[in-house]
Structures are given as structure tokens and as C-alpha cells.
Amino acid sequence: MQTRTLGSLTVSALGLGCMGMSEFYGQGDESESVATIHAFLNAGGTFLDTADMYGPFTNEELVGRAIFGRRDEVVLATKFGNERRLDGSWVGINGTPDYVRRACDASLQRLGVDHIDLYYQHRVDQNVPIEDTVGAMAELVQAGKVRHLGLSEAGDETVRRAHAVHPITALQTEYSLWEREPETKIFPVLAELGIGFVPYSPLGRGFLTGQLRSPEDFATDDFRRHSPRFQGENFTRNLELVDRVKELADQKSCTPAQLALAWLLAQGEHIAPIPGTKKRERLTENLGALDVELSAEDLRRLDELAPAGVAAGARYPDMGTIDG
């Protein structure tokens, strides 16, 4: 397994996003999910990504059971900030110092570990100064409960202000062939400050795999049914992008998913994507991206096929939770 460096943290070049094992992408199978995590670790993967809100709360418990007895093999990342109740209802975005401390202790208990390797603020709380939130996170580092700090979906100025309080190791934001907005404002700041980048939804929430051909392919409880990019005319237009990617993938004798991940890996040594899956079959396919070599001509063609702004529709129904 290749590795990447996020700030001062070394992780496997591909991580494993665990969210879908518990929620948002239809019914999960815990035994298969645990087997998928084990297969990832057996292949040399180290970087596992979860969050307290997934489930809610149950995804951390699942990951904790899966890594029991193998903690030393894992770079464990989790998040706080999207506050939910036990019944799954939403409270809101919470970045208050007291909540930071309570959320961390709860995550440690659910995960069954004594420290978190990378602790993210999941969404920026616009009502709490980022200095206060990161200050509380820094206290967790001093207490030995957390090793590295991260932010998710934070804008360039927020990243600068946070990094001035305590070094930020990684920023996690959606990035893929159909979502390239971070390249303009965020990437220059990360390069300047030496912060790593963790693209989530690197396969466009599954769209770039080429496996989704109709909205009816989603389970009734799949959140993509309510995502603008998966609805109506947007879905049809976005299929055209997928078909263009598949054409190049066929020429490279790889799958569209492998091509999309290989493109991400080629964007910089500070980038470690976290494709999510709950099946060993898909995990094996994703790991195959590490063997796909892209020439300068391949990268040029992909830039032409998938320029910034190519995807039809917004990323989320409500983009108001995203820090500019």
C-alpha cells in the first residue's frame, strides 16, 4: 500500500469511508461491513473515516468493533459538529467548546479507544468563532485524547484562522471529477500552510462508478433521491459525463471508479481520498486504482472531459451549511 502525508500524519494513499455502512446509502450489513474493514486493513490500508453523526452514533460503534485488537494498524479519523439526537433527528451545527469536549469523550467511548488520530470539526458553526472551537480541540490534543486536528468543508479564511490557533493537519471537503471547486480558493491556502487534503465522495457519491443509470437504482431510504445532482434533467446531463469517463477508462483497461480515483491521486502527494463502500468487492475495485498510471495526456483529456463546474445541480439541497 502506498502512503501519503497529511501535514505530519502518514496515512494509506486510499482511505476507507465508513459512513455508508450505517446510513444514507440504503440498508447495511454489519457482518459484510466489518469484513470490508478487515479486508482493507489486510491490504495494508490504515486510514479509516467515520463520524459521530453517522447512524447516528452507530457507525463509530461498528468501526470500534471492527478494529478491536488491531488499533495499532489504524489511523482513526472521526468528526463532531453535526449534532443529532438518538432518534436521528437534527439539532444543528454545534462548535461550542463544551460540546467539543463532550462529543470527543462520547466518540472515544463508542470507538473503544483511548485516542483519536485525526479529529475533525464536521461543519463550521457560524455562531461560534473558529478560534473558540479550535481552542477547545487543541485542549484535547494537550490531554492526549486527540493526536491531530482537522476541519471539514471550511473556507479559506476559516482555515487560516484555525491554523493560527493550532496546526491543522487536514481539510476534508468534497472533491472529484465532478466537483473541482476546492482547486481555486482552498488548494493554494493548503499548500501555503502545509495542510493535507482528504477528498470525500471522490466517486461522486457513486455516480462516477458508472453503475447508476436511473434514479430508481436507489433504495427508498437512500439520501441521493433528494440530492439535486441525482434528479430529473440533472441526472441525465450528469450521465453524459460518466459515459465520457467510462470511454477513457475502457481505453486504459480499468473501471471508471479506478480512473476517477487515479486522477485524484495524481493531483498531489498531500491528497488521500476516502472512497466509501460497505462491500469487499467494491473495496477491491477501488484499491485497484493504485495500479492505474495516468500520463500527462490522460490528465489533459480528463481536464477537458471534466472541467470545473461540469456537474449539473448543487451538491446538497441546502448549501447553507457549507462555509464559504
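**View 1. Glutamate 153 and arginine 315 are both buried.** Buried here means under 20% relative accessible area, with exposed over 50% and partly exposed in between (1.4 Å probe, protein chains only). This is a predicted model, in which local features need pLDDT of at least 70 and side-chain atom pairs count only at pLDDT 80 or more, while totals for chains, interfaces and linings use all residues. Residues are numbered from 1 along each chain as its sequence is written, and side-chain values use heavy atoms, leaving out hydrogens and water. Glutamate 153 and arginine 315 form a salt bridge, with the closest N and O atoms 2.7 Å apart; the term means a side-chain nitrogen of Lys or Arg within 4 Å of a carboxyl oxygen of Asp or Glu. Glutamate 153 sits in the loop between E9 and helix H5 (156-165), and arginine 315 in the segment after helix H10 (296-305), so the pair ties together parts that are 162 residues apart in sequence. Helices (H or I, at least four residues) and strands (E, at least two) are DSSP runs, numbered from the N terminus. Through shared partners, salt bridges link Glu153, Glu174, Arg205 and Arg315 into one network.

**View 2. Arginine 71 pairs with aspartate 117 in a salt bridge.** Their closest N and O atoms are 3.0 Å apart. Arginine 71 belongs to the loop between helix H2 (58-67) and strand E5 (75-80), and aspartate 117 to strand E8 (residues 116-121), so this pair ties together parts that are 46 residues apart in sequence. Both arginine 71 and aspartate 117 are buried.

**View 3. Lysine 145 meets aspartate 105 in a salt bridge.** The N to O distance is 2.8 Å. Lysine 145 is in the loop between helix H4 (130-142) and strand E9 (146-152), aspartate 105 is in helix H3 (residues 97-111), and so the pair ties together parts that are 40 residues apart in sequence. Lysine 145 is partly exposed, at 27% relative accessible area, and aspartate 105 is partly exposed too, at 38%. The salt bridge count comes to 26.

**View 4. Strands E6 and E7 make a hairpin.** E6 (residues 82-84) and E7 (residues 90-93) run antiparallel and are joined by 3 bridges; strands pair if DSSP finds at least two bridges between them. Look for asparagine 82, whose bridge partner in E7 is isoleucine 93. There are 5 residues between the two strands, and glycine 88 in the turn has a positive phi of about 95°.

**View 5. Ile37 and Leu48 touch the most other members of the largest nonpolar core.** That core has 82 residues; a nonpolar core is a set of buried Ala, Val, Leu, Ile, Met, Phe, Trp, Tyr and Cys residues joined through side-chain atoms within 4.5 Å. Helix H8 (residues 256-265) brings the largest share, 8 residues.

**View 6. Cysteine 18 is buried, at 0% relative accessibility.** The disulfide count is 0, where a disulfide is a pair of cysteine sulfur atoms within 2.5 Å. For cysteine 18, the nearest cysteine sulfur is that of cysteine 104, 18 Å away. Cysteine 254 is buried as well, with 8% relative accessible area.
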